[in-house]
Amino acid sequence: TASQSKPNQSIPGPIFKTFQRTTISKFIDHRPPLHPSVDPCQVFTGNFAPVDELEPTNCTVVEGELPGCLNGVYIRNGSNPQHIPNGPLHFFEGDGMLHSLKLSGGQATHCSRYVKTYKYMLEKEAGFPIFPNILSGFYSLPDVLTYVMAVGRVLCGHINLMRGFGLANTSLAFFSNKLLALCESDLPYVIGMAQEGDIETLGRWDFDRKLFASMTAHPKVDKDTKEAFAFQCNPSFSPYVTYFYFNEDGVKQREVPLLSINQPTPIHDFAITKRFAIFPETQLVVEPTNVMLGRGMPVVCEQKKVPRIGILPRYAESDSNTRWFPVPGFNAMHVTNAWENGDDEVVLVAPNVLSIANVFHKIEKVHFSLEKLTINTRAGKVSRNILSKRSLELGSINPSYIGKKNRYAYLGIAEKVPKMSGLAKIDLEKECEVSRRLYGSGCFGGEPLFVPRKANAVKSDEDEDDGFVVSYVHDDSSGQSNFTVMDAKSPNLDIVAKVKLPRRVPYGFHSLFVSQDSLFNSNCSK
């Protein structure tokens, strides 16, 4: 079922509202300065600053022509806080806003809408933030008091945690004929698209009450079997990670608690192959006491911890056959792809986050090293090759090759993730960069998304890169944003078309393209 996110009309209670706006405000005036990475006045500036919603607006093609085969909707998710708090707020914790571009017959229509989560609706009615920003951390007494206030609202029935408290700000997925907005702290929200290009939140999907609390923002959809594979993390108690999948009808199957993960670990992404599910465990761990004692973020880097990769059967019924392979110094937040090399080898391609201790507070100093790992499951050995000297993150491949051997990947050249100065095309077979494109001085894009020229029409491996790479690109100097379409097969990733957007689109996270046939013959059309 997809439940609507309408708040209880009694929220917020006058007592809570008065206390939050008076008593806590007195302490805020004397709080110590926040770290720049969680000070909203420093984080949400320039093209990271939030924007208002925008109804469907026609756009102008200012360069080239939109390919006639590019019919559907490009959507990018991102952090766009409804209210700027007086306390800490990391860029990862803003409310989710979807920025879409409907493409049809060479024409484009742009729209921006918040995902109407339960949290968003409560805070919209209140007129100020209600939920504490847990990931951003607690640094002083006002932050702890805000948390205590939220607990009080829960105990008094003003907040129903069974309806979730997530942001739906991270990514998008399409399976079981549903378009989903996702964030790993909550269940997915079902999104509807109107023929004229508008966006509507249809409700929170709990998979007929077979899934509680949360799901990864990076489910993997097998294009051949139509199955979707996912997991959830629990930062408080074991099992800390639980794996599961959905059949082609979207029915959730048996849960597999990964009991071999023996401490709370925030796994963000994973991979599948035809026979396996693969989990990269990093040096990041959860320290809940940091929040309760006002010591900062609950997620910290444990320097003595050795990263490892877990491999279990794709259709496992228990954790008993999971095997773990230590990989010192390999910290993967995102996975590009994985596949099998015969019976005894598994290949994993992923950006390695060097100096992962800085990923939340000094991300501009982090280098993302794209690596190709070959895991020999029989010998228990792991070999590693670096595929590029550039700092590469937020990538994509031809979606028909998820879980299968592929040759090409497209990744953003990191300036300050998610702000990308260009993109690079990597040949995974030759293990090198084969083309790149920089957006130009003062211009930055986001995740480069590969869109096949013809959906689900890969006839041979020669067709793998037959398509386009697309991204929103913003000019920091002029304040203008555009939608850029590049030829994925061309030697220099040549620009095919540019669409001038009616206003700037803030830098954000992950994106998705859904073909017109898939979208408007699904449960998402209106």
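Trainee: How many disulfides does the structure hold?
Mentor: This is a predicted model. A disulfide needs two cysteine sulfur atoms within 2.5 Å. The number of disulfides here is zero.

Trainee: Is C156 buried or exposed?
Mentor: The cut-off for exposed is over 50% relative accessible area. C156 has 51% relative accessibility, so the residue counts as exposed.

Trainee: Y410 and F450 form an aromatic pair; is it stacked or edge-to-face?
Mentor: The centres of Y410 and F450 are 5.3 Å apart. Planes under 30 degrees apart count as stacked. The angle between these two planes is 15°, and the Y410 and F450 pair is stacked.

Trainee: Which strands hold Y410 and F450?
Mentor: Both residues are buried. They lie 40 residues apart, and their pair links distant parts of the chain. Y410 is in strand β26 (residues 408-416), and F450 is in strand β30 (residues 449-452).

Trainee: Which residues do ring pairs link into a cluster?
Mentor: Two rings pair when their centres lie within 6.5 Å. Such pairs join up into a cluster of F44, F48, F91, F92, F360, Y507 and F509.

Trainee: Which ring does the charged end of R308 sit over?
Mentor: The cut-off for the distance is within 6 Å of the ring centre. The charged end of R308 is 3.9 Å from the centre, and the ring is that of W324.

Technical notes
Residues are numbered from 1 along each chain as its sequence is written. This is a predicted model: local features need pLDDT of at least 70, side-chain atom pairs count only at pLDDT 80 or more; totals for chains, interfaces and linings use all residues. Side-chain values use heavy atoms; hydrogens and water are left out. Rings of Phe, Tyr and Trp (its six-membered ring) pair if their centres lie within 6.5 Å; planes under 30 degrees apart count as stacked, over 60 as edge-to-face and the rest as tilted. Helices (H or I, at least four residues) and strands (E, at least two) are DSSP runs, numbered from the N terminus. Buried means under 20% relative accessible area, exposed over 50%, partly exposed in between (1.4 Å probe, protein chains only). A charge sits over a ring if NZ of Lys or CZ of Arg is within 6 Å of the ring centre and within 35 degrees of the ring normal.
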